[in-house]
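These are my notebook entries on a structure that I looked through piece by piece. I wrote down each item as I looked it up.

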Amino acid sequence: MVCASSLIHPGSTVLVSLPSIQRKKRGNVLCNNKVRKQRVASMSMSLGNQKNQNAEEASVREGERLYLGFDFGTSGARFAIIDKDDAIRAEAKREYPLYLSGESQDWVRSWKETLFSLLEDVPLDIRKHIVAISIDGTSATTLIVDSYTGEPLWRPFLYNESCSDALPMVKSIAPQNHTVCTGSSTLCKLVSWWNHVGSDKKPALLLHQADWLLWLLHGKLGVTDYNNALKVGYDPEVDSYPSWLVCQPYYHLLPSVLAPGTPIACLKEEIGKKYGFQKDCVVCTGTTDSIAAFLAARASQPGKAVTSLGSTLAIKLLSNTRIEDSRFGVYSHRLDDKWLVGGASNTGGAILRQLFTDNQLEKLSEQINPSQPSLLDYYPLPKAGERFPVADPNLAPRLHPRPENDVEYLHGILESIARIEAKAYGLLKELGATQVEEVFTAGGGAKNEKWIKIRERVLGLPVSRANQTEAAYGAALLAKKGDQQNILS
């Protein structure tokens, strides 16, 4: 193997949106009797019986234009369908089915089957109104495919895989502290594959997860977007691959690059006919899952930021200035004429789950006074090692002294994570980014109102929960953007 994977996921399930009003059943499609713009209830269903279940179906007007976005995450995928007013008309979710290839999971088969299963989940009466489609995928998830057939020549390199064997070579050609100078970068994965088998193989292309899935829909090989291409070395500021990359022997594997949400081609005729989509439905370039989630939050002005409080603490800030520093894992994605600057700390929900149950977190949080500062000073980490805002692979967790009162202890941890968040935004400013002015919150931690108030006090900024945080919604917004600039029809 070139480098090792670390992900194993269970079989698949589907999330089906159901209206709370009276409904009738027609085949395996659940239908509304009235127009519905938002999902109002949901349920999970097992796919053990292998039946395709459809999401909420909303009545649509003749000639109405709808936009379909897919999000392919680490353990499953979902779609969201929006209308011209950006209201959600339908959404559904499936976990990836488990297929094995030898002793490892066959991710390509899982992704492909999930894509077409989700297409079947789109309500029948909605399909003919969908005019544009886009997909986001996990950043730096990489496929090497046959340049004629599009079939993978090697197993996928997952987003979190590190190809440290290629890092010395990449560092020797790339500028110091460049985004590609980490073992998990797309370029390190390409170089690792090339050094082992690439130069002896048939003509090949590099595609990202979203690129390959989109290719299944439109049939034109070798197209990506500048968000996905960032970690292979593409320079979005000058809209080209840099000279230090162009002169490499594997340069011919790199795809052409377009802006996210750019129309590529119409949906394949056979797919349109099979699933009942219109023949001029356009397929648009996608983006990464984190960018799509930021787009969903609608933080559209410089100084607006999104903090994602999941297993880790990840921040993204819309900036007028581009900054890059691989020492801290800080890099900038282009968003039209602005820059989305981001970094991620290892603190976050993972350490909270090590110390408390969900029920404890809820009950203890209720007793915290968020206006009262905590004097406890921790650096909560699940294990040794931190990258942002402190670049120290040996930084030890600091979770002591522990008071007898668990409310005080949790208060101290939540406030300490807020201080790390404040330091992270401060570092971005020191590196040259636009000053943060307002923070929207995504992830599981966004549900904790006491934590939001603590963070608001520590950051000294307005902090609120984002109205939309699903990456599929952001992908649907890209599809809408593609329809608005469609020159294919």
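**Two crossing helices**

I looked up helices H8 and H13 and noted that their axes come within 7 Å and cross at roughly 80°. The model is a predicted one, in which local features need pLDDT of at least 70 and side-chain atom pairs count only at pLDDT 80 or more, while totals for chains, interfaces and linings use all residues. Residues are numbered from 1 along each chain as its sequence is written, and side-chain values use heavy atoms, with hydrogens and water left out.

For my own reference, helices (H or I, at least four residues) and strands (E, at least two) are DSSP runs numbered from the N terminus. Axes are lines fitted to C-alpha atoms, for helices over the stretch in contact, and angles run from 0 to 180 degrees between N-to-C directions. H8 and H13 are therefore roughly perpendicular to each other, a label that covers 65 to 115 degrees, whereas angles under 35 count as roughly parallel, those over 145 as roughly antiparallel and the rest as oblique.

I then listed the contact (heavy atoms within 4.5 Å): H8 brings Asp289, Ala292, Ala293, Leu295 and Ala296, and H13 brings Ala471, Tyr473, Gly474, Ala475, Leu477 and Leu478. These residues divide into nine nonpolar, one polar and one charged, where Ala, Val, Leu, Ile, Met, Phe, Trp, Tyr, Cys and Pro count as nonpolar, Asp, Glu, Lys and Arg as charged, and the others, Gly among them, as polar.

**The second largest pocket**

Which helix gives the most to the lining of the second largest pocket? I found that H13 does, with six residues, and that H8 (289-297), E20 and H13 (471-484) each supply at least two. The grid has 1 Å spacing over the protein atoms alone; a pocket is an open set of points with protein on both sides within 12 Å along at least five of seven lines, a cavity is a set where a 1.4 Å probe fits but cannot get out, and lining residues have an atom within 4 Å of a point.

The volume of this pocket is about 480 Å³, a volume being the space filled by probe spheres set on the points, which are joined across faces, edges and corners. Of its 21 lining residues, Leu295, Ser300, Leu335, Asp336 and Lys481 are the closest to the centre. By class, I noted nine nonpolar, four polar and eight charged residues in the lining.

**The sheet**

Strand E20 also belongs to an open sheet of six strands, in the order E20-E21-E19-E18-E22-E23 with mixed pairing; two strands pair if DSSP finds at least two bridges between them. E20 (331-335) and E23 (463-465) stand at the edges with a single partner strand each, so one side of each is left without a neighbour in the sheet. From one strand to the next, the twist averages 25°.

Inside the sheet, E19 (313-319) and E21 (338-345) run antiparallel and are joined by seven bridges, and Ser319 has Trp339 of E21 as its bridge partner. Helix H11 (406-430) packs on the sheet, touching E18, E19, E21 and E22, and its direction makes about 35° with that of E19.

The largest cavity holds about 60 Å³ of space, and among its eleven lining residues Gly73, Thr74, Trp111, Thr138 and Leu158 are the closest to its centre. Its lining has six nonpolar, five polar and no charged residues.
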